[in-house]
Amino acid sequence: MSDTHAQTVRYVRETMLPEREPPLAETGVIKWMRENLFSSWINAILTIVSLYIIFVVLSAIIPWLLNSVWDAESLTECREILAAQGLSSHDGACGAVLTARWHQLVFGYYPSELYWRPILALALFLVGIAPVLFANLPRQMLLVSAAVPFVCFWLLWGGSVWFPVMIALGFVLGYLAMVLVGKALSPLAGIIAAIVLPILYWIFLAGPLAAAMADVIPLRIEEVQSRAFGGFMLSVVIGLSAIILSLPLGILLALARQSNLFIIKTSAVVFIEVIRGVPLIVWLFTAQLLLNYFLPRGTNFDLTLRVIIMVTLFSSAYIAEVVRGGLAALPKGQYEGADSLGLDYWQSMRLIILPQALKISIPGIVNTFIGLFKDTTLVVFIGLFDPLGIAGAIRASTEWNGIYWELFVFIGLMFFIACYSMGRYSLYLEKKLQREHR
């Protein structure tokens, strides 16, 4: 049968054909453009319209940037320089305002001879946050992460070193209370003790103990008042503080809202709904005017600390709802599986439920953080000089009265870099967890 088949075949190739290049339409840039830009006639029209809009925008922005004036003492001098080049005042940016006032936009009214302190604080913060963000770093660095917030506080505000030390001691007391009370009574009692005991300690004992230690061992650096904070540094201080503090608080609120204990659940629901139902600007005015009335007599938090507290509470309410959505998205079998392993509530949450819920909630959490960081500009309405407040002060000066776009473009660029970095890290973390899950 094979012989008969061989006789019916007219031609059998005995050698392989040489390799040939793929068609131009199936490789390289042409293939990418065909698949992504011109895959259909509708996409082709949209691509052409989009390219035209981009061309129009860039044709106006690029010459404006290329004709920038960077060496001038005032807006009037910038315009004179542009006029000498045959350009109108709208044909070139007056970048000289940035070279002259960049330090105010970044540091506010912080003393110039102490700029090294916020720069060092930012560097230490990045070192401390690295082992939290990237799991491949040595876990021993988490001890540095725990100490960095208190060191940064001391560097920024100055004063006696014993005040941040006593604040840190409150967290140690809370941890010890959670362990000891949790073993003696119940994990829930340990959590409550870990919250109540540090608060009482900070209100009644931290200040006197810090003052007593300062009298015995006076270790201090030059103190800087909060009213000197401003510019992008103020936004970073408020934003990062609220982000770091609101995440654990939001997780606790989410767990409390799903609790079977009536008082705890009701308290969490009331807190979350009240906080979310009122605009942030109202809470900022509350922090400015009313918060001191709820503190013990003689206690006086400065305005920046009050704003940090209120922004943290505001953000934690939104984080709680995002985390609750992640908890609700988990199949019921995950909870039943944790129970079948004999785990108690806190073990199941720590080992099984929360890791999965937080993984689901990553986009929402990061989105909340980005919105929170941008909302720090609202503090301008209560008298704090954030970047927009500093820009207003610069524009009110005689030299730069009438300048707009240059300041706002610079401020927008700084916020874009910070928010874009958070977004990229969110994507990195999502992809990393997806690979590990597979």
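Tutor: Glutamate 321 and arginine 257 form a salt bridge, in which the closest N and O atoms are 2.8 Å apart; the term stands for a side-chain nitrogen of Lys or Arg within 4 Å of a carboxyl oxygen of Asp or Glu. Because glutamate 321 lies in helix H14 (residues 303-329) and arginine 257 in helix H11, the pair ties together parts that are 64 residues apart in sequence. The model is a predicted one, in which local features need pLDDT of at least 70 and side-chain atom pairs count only at pLDDT 80 or more, while totals for chains, interfaces and linings use all residues. Residues are numbered from 1 along each chain as its sequence is written, and side-chain values use heavy atoms, with hydrogens and water left out. Helices are DSSP runs (H or I, at least four residues), numbered from the N terminus.

Glutamate 321 is buried, with a relative accessibility of 16%, and arginine 257 is buried as well, at 15%; here buried means under 20% relative accessible area, exposed over 50%, and partly exposed in between (1.4 Å probe, protein chains only).

Glutamate 321 also forms a salt bridge with arginine 276, and there the closest N and O atoms are 3.9 Å apart. That pair links distant parts of the chain, since arginine 276 belongs to helix H12 and glutamate 321 to helix H14, 45 residues apart. Arginine 276 has another partner in glutamate 273, with 3.3 Å between the closest N and O atoms of this salt bridge. Arginine 276 and glutamate 273 both sit in helix H12, 3 residues apart, which is about one turn of the helix. Arginine 276 counts as partly exposed at 31% relative accessibility, and glutamate 273 is likewise partly exposed, at 34%.

Taken together, Arg257, Glu273, Arg276, Glu321 and Arg324 are linked in a network of salt bridges, and the structure as a whole holds 6 salt bridges.

Serine 259 is buried, its relative accessible area being 16%. A polar atom of the side chain of serine 259 lies 3.0 Å from the backbone nitrogen of leucine 261. Once its neighbours within four places in sequence are left aside, serine 259 is in contact (heavy atoms within 4.5 Å) with Ile264 and Lys265.

Serine 74 is found in the loop between helix H3 (41-66) and helix H4 (75-84), and with a relative accessible area of 15% it is buried. The side chain of serine 74 reaches the backbone nitrogen of glutamate 77 at 3.3 Å, and, leaving aside neighbours within four places in sequence, serine 74 is in contact with Cys94, Glu399 and Trp400.

Serine 88 lies in the loop between H4 and helix H5 (96-107), and at 36% relative accessibility it counts as partly exposed. The side chains of serine 88 and aspartate 91 are joined by a polar contact of 3.0 Å; such a contact is a pair of N or O atoms within 3.5 Å, where, within protein, one must be able to donate a hydrogen and the other to accept it, and residues adjacent in sequence count only if both atoms are side-chain atoms.

Terms used. Helix = DSSP H or I, 4+ residues; strand = E, 2+ residues; numbered from the N terminus.
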